[in-house]
Amino acid sequence: MIANAKALGNEKFRADISKRDGYTVVSLRGEIDEDTAFDAIKKAGGPYIFNFKGLASINSCGIRSWVNLLKELGTSEVFYEECPPLVVRQLNMVPSFLGSAKVLSVFLPYVCDSTEEEKLELMDLRDVKNPAAQVKAMLPCKECADGEIEFDGQPAQYFAFWR
Amino acid sequence: MKSSAARLDDVAGSNSITVGGLAKRDAAKRVAEGCRHVHSSPLGARDPVAVSTEQAIANGEVARYPWELAKSVTFTLTSSDERHELIEAILGRFGRSWKREMRERVRSIIEELVTNAIYHSYRDAEGARRFPRKKTARLAPKEAVEVIVGTGEGGVYLSVRDKAGNFAFDAVSSAFHRCYGSPAEQIETKESGAGLGLYFIFEAATHLKVVNEPGKSAEVACWIADKKNFDAAVFSFNFFERRSE
């Protein structure tokens, strides 16, 4: 259930804050960089679910700001959901970007083998022990009559952050 | 791929070239240890890029690579704020035919290269950085940063050149040492930046080349292979210092 949604941020970045089943859900949109302020997020209080679906980019200073935010959230439980490939890349390159947060779901990149169009398929990671082993190399394409989509990458590399 | 680097030429000291089948982490370790030229390719020392590098070093020149001949467009910036508009302009002009990952890599590399060029390069008379990271930096027209974007067969070429020439090899070696070392020490706390930019660029690029001419200019250029031409075992890092005549 989503209630009391409010949008906070600047012209490059927006955080829509709402409540769902006792969690503060923060939907992040736009760019995270050195100008991004997270005061409203801290004020909202945890436990938190950060939704990354709308995040367009995060630069190196943005990574640092995010890691500092995680430190400031202290003992609050933190979950990440709907992480697109650009966020998964950061999870793999900068372990402190994840910190002690748990990842609930990620988008998997696929490419249609007949049209070469790119697709993102959401993978729910709750109750999953080894996500790399459960990535389907091929899936039916929802838009092509006989086509298939192929996983665009190496599952083990994509889930290197998983522990 | 198994790391089995073979040092071809150790006589020239810091200009030695390491060639072999390497993982990026292993290559970064070599750079952190002081090696300015690292090539990874299944062809080993016969790789054409490694051969070009070796010849250039022997001749005391800066190597030129095939991707630098890609059809390109040059942009100039005199303010840090212009980078957002520049990135959108580049993605709008060239990015329509690129895959999502290429667009994300180009966005990230230009962001990191341009902010590095503006905020880290320009110094005052005492050698301190002229621009605090959280403020808009404005350069004089003669200091303008040049950004070159080239599209060639199999990938994208990017180059960012400042007019300061303060890019020391130590900056790369220490960044690689930190970023590929303990995760707890990856991120710097200094005001000027998080110290992750070069790491991100090295990870995203296929070939990375730095040319520093002290007091004159520094250029960081890279080639990003597209999906069809990407091979994780093929990459290079080269740092050249050009001495003024």
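Let's start with one residue: leaving aside its neighbours within four places in sequence, B:Ile110 is in contact with B:Ile87, B:Ile90, B:Val147 and B:Leu158. Here, two residues are in contact if their C-beta atoms, placed from the backbone, lie within 7 Å. Keep in mind that this is a predicted model, where local features need pLDDT of at least 70, side-chain atom pairs count only at pLDDT 80 or more, and totals for chains, interfaces and linings use all residues. Residues are numbered from 1 along each chain as its sequence is written, while chains are lettered from A and ligands numbered from 1 in the order in which they are written.

**How confident is the model?**

- The model scores ipTM 0.88 and pTM 0.90.
- Chain B averages a pLDDT of 90, and 93% of its residues score at least 70. pLDDT is the predictor's confidence in each residue, from 0 to 100.
- Take care with residues 1-13 of chain B, where pLDDT stays under 50. For that stretch the model has 26 contacts beyond four places in sequence.

**The nonpolar cores**

- The largest nonpolar core has 93 residues. A nonpolar core is a set of buried Ala, Val, Leu, Ile, Met, Phe, Trp, Tyr and Cys residues joined through C-beta atoms within 7 Å.
- "Buried" has a cut-off too: 20 or more other C-beta atoms lie within 10 Å of the residue's own, with C-beta atoms placed from the backbone.
- B:Ile110, our opening residue, is among those with the most contacts inside this core, and so are B:Ile109, B:Val114, B:Leu158, B:Ile201, B:Ala205 and B:Cys222.
- Helix α4 (residues 100-121) of chain B gives the most to this core, with nine residues. Helices (H or I, at least four residues) and strands (E, at least two) are DSSP runs, numbered from the N terminus.

**Chain B as a whole**

- Chain B has six helices and nine strands.
- Its radius of gyration is 17 Å, close to the 18 Å that the globule rule gives for 245 residues, so chain B is as compact as a globular protein of that length. The radius is taken over C-alpha atoms, and the rule is 2.2 Å times the number of residues to the power 0.38.
- Along its principal axes, the C-alpha trace of chain B spans about 45 × 45 × 45 Å.
- Buried residues make up 43% of the 245 residues in chain B.
- Helix α6 (residues 197-204) of chain B is largely enclosed by the rest of the structure, because eight of its eight residues are buried. Among them are B:Tyr199, B:Phe202 and B:Glu203.

- Chain A comes to six helices and ten strands.
- A compact globule with 163 residues would have a radius of gyration near 15 Å, and the 17 Å of chain A agrees.
- Buried residues make up 31% of the 163 residues in chain A.
- The domain assignment gives domain 1 (1-103) and domain 2 (110-163); such bounds come from an automatic or database domain assignment.
- The centres of domain 1 and domain 2 of chain A, taken over C-alpha atoms, are separated by 24 Å.
- Seven residues of domain 1 of chain A are in contact with six residues of domain 2 of chain A. On the domain 1 side, α3(A) gives the most, with three residues.

**A closer look at A:Cys83**

- A:Cys83 sits in the loop between β5 (78-81) and α3 of chain A.
- A:Cys83 is buried, with 26 other C-beta atoms within 10 Å.
- Leaving aside neighbours within four places in sequence, A:Cys83 is in contact with A:Phe52, A:Val88, A:Val103, A:Val106 and A:Phe107.

**Where the chains meet**

- 15 residues of chain A are in contact with 19 residues of chain B.
- On chain A, α2 (60-72), α3 (85-93) and α4 (95-98) each supply at least two residues of the side that touches chain B.
- The largest share of that side, five residues, comes from α2(A).

Methods
Buried ≥ 20, exposed ≤ 12 C-beta atoms within 10 Å, placed from the backbone.
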